[in-house]
Amino acid sequence: MSLDILQQERHRSGNHDLAVTPYILNKTLILIENDLLKISGKKLSDFNMESPLQTDDNDNNFLRDRAYIAETSYDYDILSNYIQENEPKLTNDQQVVYNTILQSVLQDNGELFFFDAPGGSGKTFMLNLLLAKLRVERIISLAVASSGIAATLLQNGKTAHSAFKLPLDLQTNERPVCSVKKQSSLGKLLRETRFIVWDESTMANKGGPEALDRTLRDFKNNDRPMGGVVILFAGDFRQILPVVPKGTKSDEINACLKSSYLWSYITSLRLTTNMRVHLGGDNNAELFSQHLLKISNGTFQNDKDSIIQINSTFAISVLDQNNLINKVYPEISHLSNKSNEWLRERAILAPKNDIVNIINEKVLSMFEADKKTIFP
């Protein structure tokens, strides 16, 4: 947290050599204590921790408005260089989506889009470039995702629940709204936001986008969908849908974004070029990608019992876990003869952690080396 404040202070003062000072550490303590007061009503001193010193009104305003400052304090020279370097790398279909979104935001059309992007199509690359392009134009653009891992891949990305203070009871609440006060720092940020990217939106319960819609309409005094903010939902419905505990298939479908009243306002955009295949030039990888899309689209030829027959060009069958390990890690017992690159290009995936643990134990038991225990 102190490093975040340091970066903001460097930008505000123009001194990029500024180091962490007691003043910055004190601001960090204020942030921690403010959150602690909200959660428990107690101060740091109640837990025998150092208490922050009192600061003047300007410091308090700075701390209260930190969400707003974080989205308006980018290094525009770095963003410009990033754009110049990466815009020429866009493929034709990426360029079409890129230009469509830019035009909508710059013209304040207030449109909603769904970005259908299968894995490997360059979605994250294009989203980050789009965010940089709009931010360098001084347009407040928020990047959120339904999962923490996806959020880390976006520039200044956050989880949707954290960024919009979404309620936890989306499944049971008929008209959810974001837990944000209109005059708060986050409320100010949402009022001035013109563009939002929501990655992995196909995993999100429809109540999340609907809560954001009601909040933005209220904050902006605008009855257009999402209060006139251009929203780009991104994801792939071929992958994981919203998880409904103890729910049926119909419950999961009903929780999807496609089941929301917002879907009728959404325009779908699509990427079709698999960049991993395109850049690698591997014919087998291209065939694998095509087969995978056919299976997920429900167009793969199967037998009368809806069983998919996988041939050797798509995958290799193994008899058991030991056979699988030998196929993926041949001669793994002679690990000292293998390079780091050899290990990095191999992996065994499993749907459950307990299976992963079993396979890990089997692989480790094959190493011909003395066991060592390292203490911290």
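Which residue stands opposite Gly-235 in β5? I began my notebook with that one, and I found Asp-116 across from Gly-235. A reminder to myself before going on: this is a predicted model.

**Entry 1: the sheet**

I traced the strands next. There are 6 of them in an open sheet, and reading across I get β3-β2-β4-β5-β1-β6, with parallel pairing. At the edges I found β3 (158-159) and β6 (266-270), each of which pairs on one side only.

**Entry 2: the two partners of β5**

I looked at how β5 is held on either side. Strand β1, residues 112-116, runs parallel to β5 and is joined to it by 5 bridges. Strand β4, residues 195-199, is also parallel to β5, and here I noted 4 bridges.

How many of the residues of β5 are buried? I checked the run 230-235 and noted 6 of 6 as buried, so the strand goes down as mostly covered. Then I sorted the side chains by direction. Val-230, Leu-232 and Ala-234 point one way, while Ile-231, Phe-233 and Gly-235 point the other way, and all are buried.

Is Glu-210 buried or exposed? Its relative accessible area is 8%, so I wrote Glu-210 down as buried. I then asked what Glu-210 touches once its neighbours within four places in sequence are set aside, and I listed Pro-176, Ser-260, Tyr-261 and Leu-262.

Which residues make the nonpolar surface patch of about 270 Å²? I found Leu-3, Val-20 and Leu-25. Leu-25 sits in helix α2, which spans residues 22-40. With a relative accessible area of 43%, Leu-25 counts as partly exposed, because that label covers values between 20% and 50%.

Methods:
Residues numbered from 1 in each chain as written. Predicted model: local features only at pLDDT ≥ 70, side-chain atom pairs only at ≥ 80, totals over all residues. Heavy atoms only, no water. Buried < 20%, exposed > 50% of the residue type's maximum accessible area, 1.4 Å probe, protein only. Helix = DSSP H or I, 4+ residues; strand = E, 2+ residues; numbered from the N terminus. Pairing = 2+ DSSP bridges. Patch = residues over 30% accessible without salt bridge, like charges linked within 9 Å, V, L, I, M, F, W, Y side chains within 5 Å. Areas by Shrake-Rupley, 256 points an atom, 1.4 Å probe, with all protein chains shown as cover. Salt bridge = Lys/Arg side-chain N within 4 Å of Asp/Glu carboxyl O. Contact = heavy atoms within 4.5 Å.
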